[in-house]
Amino acid sequence: MSWWDRRARAIFLAAGAHAKQGHLELVCPDRSFQIGRPGATPSAMMAVHDERVFSRILAGGEMGLSEAFVDGDWSSPDLVALIRMALRTNAAMQRLNTATS
């Protein structure tokens with residue numbers, strides 16, 4: 001994994017540390033991460049097959065995440081649950097950003 005991909009993963013995980021809702025199990029090739037509170041709902045799992053996905057998310061946001069999925073960089077056994085969790089988390093972050101700006 002390149003330096004940039006390692007840094008992008010660290011930034012992604014740091015952002016996830018602020019998640020107040022739900023739980024994401026992030027399974028990477030070298031180790032797994034727990035984002036949020038285990039047992040919380042909604043809950044989802046994301047299997048990372050190529051860690052360039054993190055730099056693609058940072059560079060392209062939702063489009064980068066989508067393109068990485070199409071390219072096979074990540075998968076999920078329950079894509080609907082993952083999207084629901086992402087939407088709920090995104091809505092909460094948008095409310096937070098609106099309140100603080």
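**Aromatic pairs and a bent helix**

Me: How many aromatic pairs are there?
Reply: Rings of Phe, Tyr and Trp (its six-membered ring) pair if their centres lie within 6.5 Å; planes under 30 degrees apart count as stacked, over 60 as edge-to-face and the rest as tilted. This is a predicted model, where local features need pLDDT of at least 70 and side-chain atom pairs pLDDT 80 or more, while totals for chains, interfaces and linings use all residues. Numbering runs from 1 along each chain as its sequence is written, and side-chain values use heavy atoms, without hydrogens and water. By the ring rule, the count is 2.

Me: What kind of pair do F12 and F54 make?
Reply: Their ring centres are 5.2 Å apart. The planes sit at 55°, so the pair is tilted.

Me: Which helices does the F12 and F54 pair link?
Reply: Helices here are DSSP runs (H or I, at least four residues), numbered from the N terminus. The two residues are 42 apart in the chain. F12 lies in α1 (residues 3-16) and F54 in α2 (residues 52-70), so the helices are α1 and α2.

Me: Where does α2 bend?
Reply: The bend is the angle between axes fitted to the seven residues ending at a residue and the seven starting there. For α2 that angle is about 145°, at G60.
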